Amino acid sequence: MTLSERDKLYNWHPYTQHKTATDFPAIVKGKDALLWDENGKEYIDAIASWWVNPYGHSNKIIADAIYEQLTTLEHVLFGGFTHDKAVLLAEKLMTILPSNQKKLFYSDNGSTAVEVALKCALQFNYNKGIKKTKIIAFEDAFHGDTFGAMASSGITFFTEAFKGSLLEVIRIPVPIAGNEEKSVQILKDLVATNHYAAFLFEPLVQGAAGMVVYAPEVLDKMIAICKENNIFTIADEVMTGFGKTGKTFASDYLENKPDMMCLSKALTGGTIPMAITTFTQEIFDGFYDDDTNKALFHGHTFTANPTGCAAALASITLLQTDEIQQNIARINQSHMTFEQRIKSHPKIKTTRVLGVIFALEIKTETQESYYGTMRNKLYNFFIENGVILRPVGNIVYILPPYIITEEQLEKVYATIEKALEIV
């Protein structure tokens, strides 16, 4: 039996209806922007394996850091102990985070990073005897699959089965071009009720919604409204963090900085699951008390895992190199050149570029569902042609590793152009 056939015997894959799914390619090797399956077929990883792998597969610098840590201290509990890599990583992050971020809390993935932020927003108010139990989030958002993160997400088929078991979240329109005033006014009306603990958002780009982009100026305005009304703001930078938008964080485009930030995915360069939620001093102080019951009782067995911290330190060091920064600028320029080439195509409705993110929307007569016929047809075409892209309905996006070559990028672009012929 092949690996793909053996996989089907026992493994349950994410976001998959196994009754209708075909065999999955079994990947056996990766290097830089390329992956190879068990049959030797080569694929360009044009989405950095779900946005986690900006420095390429089998990166030697990160691998060496992991090996050194594994042979020194692979893990120690973080409850009641600390270690050098957790301290060094915290110190390193404080040099690149917005200056209002003063404390950080380790967890294990993007969903739990969001979960921690939501719990802190709610408990901060509870600790002070204030009743604020509701959250504000954008329509069509995606923040993860744990219960708080899922409640805050707006893609209904992800959450439909759990509607009666979720936090109360009010969703407001995304302030895309032409929609800014409506979004801001709805936010103003909500915050005036004094029922809300936090406003959670994906800054500037809604990833799972199809790389929906909106302007920093309107988000600045919305954060200011929340600050004036004592509502915490939470920037979910799980996708946008560590260079994706052209700056280290999407929040770096903002004048008004969020109170909390959620980090994961590219944090460890696609190697070890790890996440971090960062906080202002004010939020930390809301838990700092003689009363033990006011502490944040949240944790993970692998909190601040030393090996993950070592990977993150190496990853951030790579991000700060001139080579990677130049690559980010190069990819952005290539995307903009491709945008000029394709945006007038008769089948294209819209295009957008921000940093290393490129997205196009294909014209359809009816609304295309998230995992609909067009999406599946496109996905299969890309895989057959050796390019890993995961369309969202009728939206095709590219979010490549920063080390992708121009030749590889051109193949991705050309494959998208060919795909337009089959839809």
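Predicted model: local features only at pLDDT ≥ 70, side-chain atom pairs only at ≥ 80, totals over all residues.
Student: Let's start with helices. At what angle do H8 and H9 pack?

Tutor: The angle is about 10°, and the axes of helix H8 (residues 180-191) and helix H9 (residues 216-228) are 10 Å apart.

Student: Are they roughly parallel or roughly antiparallel?
Tutor: Angles under 35 degrees count as roughly parallel, so H8 and H9 are roughly parallel to each other.

Student: Which residues in H8 meet H9?
Tutor: From H8 you have Glu180, Ser183, Val184, Leu187, Lys188 and Val191. On the H9 side they meet Val218, Lys221, Met222, Ile225 and Cys226.

Student: And how many of those are nonpolar, polar or charged?
Tutor: In the contact of H8 with H9, seven are nonpolar, one is polar and three are charged.

Student: OK, strands now. What order do the strands of the open sheet come in?
Tutor: There are four, in the order S1-S2-S3-S15, and the pairing is mixed.

Student: Which ones are the edge strands?
Tutor: Strand S1 (27-31) and strand S15 (387-388), since each pairs on one side only.

Student: What about S2 and S3, how many bridges join them?
Tutor: Three bridges, and strand S2 (residues 34-37) runs antiparallel to strand S3 (residues 42-45).

Student: Can you show me one? What does Lys60 pair with?
Tutor: Lys60 forms a salt bridge with Asp64, and their closest N and O atoms are 2.7 Å apart. Both residues lie in helix H3 (residues 60-70), four residues apart, which is about one turn of the helix.

Student: Is Lys60 buried or exposed?
Tutor: Exposed means over 50% relative accessible area, and Lys60 has 57%, so Lys60 is exposed. Asp64 is partly exposed, with 39%.

Student: Which residue does Glu160 meet in a salt bridge?
Tutor: Glu160 meets Lys163, at 3.2 Å from N to O. Glu160 counts as partly exposed at 42% relative accessibility, while Lys163 counts as exposed at 58%.

Student: And Lys294, what does that one meet?
Tutor: Lys294 and Asp289 meet through their side chains in a salt bridge, with 3.9 Å from N to O. Lys294 counts as partly exposed at 24% relative accessibility, and Asp289 counts as partly exposed at 42%.

Student: Last one: which residues are linked in a network of salt bridges?
Tutor: Look for Arg341, Glu410 and Glu417, which are linked in such a network.

Note on methods: Residues numbered from 1 in each chain as written. Heavy atoms only, no water. Axes fitted to C-alpha atoms, helices over the stretch in contact; angles between N-to-C directions. Helix = DSSP H or I, 4+ residues; strand = E, 2+ residues; numbered from the N terminus. Parallel < 35°, antiparallel > 145°, perpendicular 65-115°, else oblique. Contact = heavy atoms within 4.5 Å. Nonpolar A, V, L, I, M, F, W, Y, C, P; charged D, E, K, R; others polar. Pairing = 2+ DSSP bridges. Salt bridge = Lys/Arg side-chain N within 4 Å of Asp/Glu carboxyl O. Buried < 20%, exposed > 50% of the residue type's maximum accessible area, 1.4 Å probe, protein only.
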